[in-house]
Amino acid sequence: MNYKQLVEKAYEAMEFAYTPYSNFNVGAALLTKSGKVYTGCNVEFASLGATNCAERTAIFKAVSEGEKEYAAIAVVSSSKDFTYPCGICRQVIVEFGKDIDIIVAKDYDYEVYKIDDLLPHSFTGIDIK
Ligand code: THU
């Protein structure tokens with residue numbers, strides 16, 4: 001699975017976005033170090049704070065199936081611009097390590113970041129002693 005294929009998986013997942021309130025659709029595809037892919041979309045609720053982002057949907061699916069080691073996550077949206085993971089998703093990503101590649105894509109164009117680029121000086125489990 002190369003990054004272009006992972007981006008395609010994220011676009012496929014975006015088709016399932018449930019966004020009656022924002023109409024802003026997001027898709028994510030999470031590649032585990034073992035080579036599996038977990039996808040996610042954003043899911044919104046009338047109580048807007050209950051909304052779950054696409055990235056977290058994918059990560060929660062993976063964790064709930066015992067997969068906690070990730071190689072990369074691709075993020076796409078219905079916007080004409082790149083969509084970067086929100087702050088909550090950045091915090092969830094860093095929970096599982098700092099080596100994951102974060103692929104922010106728009107059509108066939110993509111950028112690759114590390115979590116230290118997007119969430120510098122992060123607060124993680126090692127800070128809780
Ligand atoms: N959203 C995501 O799914 N991921 C992000 O990283 C940014 C925001 C969703 C949440 C909400 O359903 C919609 O985009 C607008 O905020």
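## Helix H3 and its cover

In H3, the residues Cys89, Arg90, Val92, Ile93 and Val94 are buried, a word that here stands for under 20% relative accessible area, with exposed meaning over 50% and partly exposed the range in between (1.4 Å probe, protein chains only). The cover over the buried residues of H3 includes H2, S3, S4 and helix H4 (115-118), where contact means heavy atoms within 4.5 Å. Helices (H or I, at least four residues) and strands (E, at least two) are DSSP runs, numbered from the N terminus. After H3 comes glycine 97, which has a positive phi near 115°.

The model is predicted, so that local features need pLDDT of at least 70 and side-chain atom pairs count only at pLDDT 80 or more, while totals for chains, interfaces and linings use all residues. Residues are numbered from 1 along each chain as its sequence is written, and side-chain values use heavy atoms, with hydrogens and water left out.

## The chain as a whole

The protein chain contains four helices and five strands, and along the sequence these elements follow the pattern α-β-β-α-β-α-β-β-α. The chain is as compact as a globular protein of its length, because its radius of gyration of 14 Å is close to the 14 Å that the globule rule gives for 129 residues; the radius is taken over C-alpha atoms, and the rule is 2.2 Å times the number of residues to the power 0.38. Along its principal axes, the C-alpha trace spans about 40 × 35 × 30 Å.

Of the 129 residues, 44% count as buried, and among contacts with a separation of 6 or more, 61% are made by residues 24 or more positions apart. The chain exposes about 7,100 Å², of which carbon and sulfur atoms supply 55%, with areas computed by the Shrake-Rupley method with a 1.4 Å probe, for which, in the case of residues, only the protein chains shown count as cover. There are 13 positive and 18 negative side chains, and the centres of the two sets lie 3 Å apart; Lys and Arg count as positive and Asp and Glu as negative, whereas His and the chain ends are not counted. The place of each charge is taken as NZ of Lys, CZ of Arg, CG of Asp or CD of Glu.

## Helix H2 and valine 63

Helix H2 (residues 54-63) is largely enclosed by the rest of the structure, because seven of its ten residues are buried. These are Ala54, Glu55, Arg56, Thr57, Ala58, Ile59 and Ala62, and the elements against which the buried residues of H2 pack are strand S1 (26-32), strand S2 (37-41), S3 and H3.

Valine 63 also belongs to helix H2, but at 31% relative accessibility this residue counts as partly exposed. Leaving out residues up to four places away in sequence, valine 63 touches Lys68, Tyr70 and Phe96. The C-alpha atoms of valine 63 and tyrosine 38 are separated by 9.9 Å, although the two residues are 25 residues apart along the chain.

## Two buried polar residues in loops

Asparagine 52 sits in the loop between S2 and H2 and, at 17% relative accessibility, counts as buried. Its side chain makes polar contacts with the side chains of arginine 56, at 3.4 Å, and threonine 57, at 3.0 Å; a polar contact is a pair of N or O atoms within 3.5 Å, of which, within protein, one must be able to donate a hydrogen and the other to accept it, and residues adjacent in sequence count only if both atoms are side-chain atoms. Not counting residues up to four places away in sequence, asparagine 52 touches Cys41, Asn42, Val43, Thr57 and Phe60.

Threonine 83 is found in the loop between strand S3 (70-77) and helix H3 (87-95), and its relative accessibility of 14% makes it count as buried. A polar contact of 2.6 Å joins the side chain of threonine 83 to that of serine 77. Apart from neighbours within four places in sequence, threonine 83 is in contact with Phe24, Val75, Ser77 and Val104.

## Positive phi outside glycine

Asparagine 23, in the loop between helix H1 (3-14) and S1, has a positive phi near 55° although this residue is not a glycine, and at 60% relative accessibility asparagine 23 counts as exposed. Aspartate 107, likewise not a glycine, has a positive phi of about 55°; aspartate 107 lies in the loop between strand S4 (101-106) and strand S5 (109-113) and is partly exposed, with a relative accessible area of 49%.
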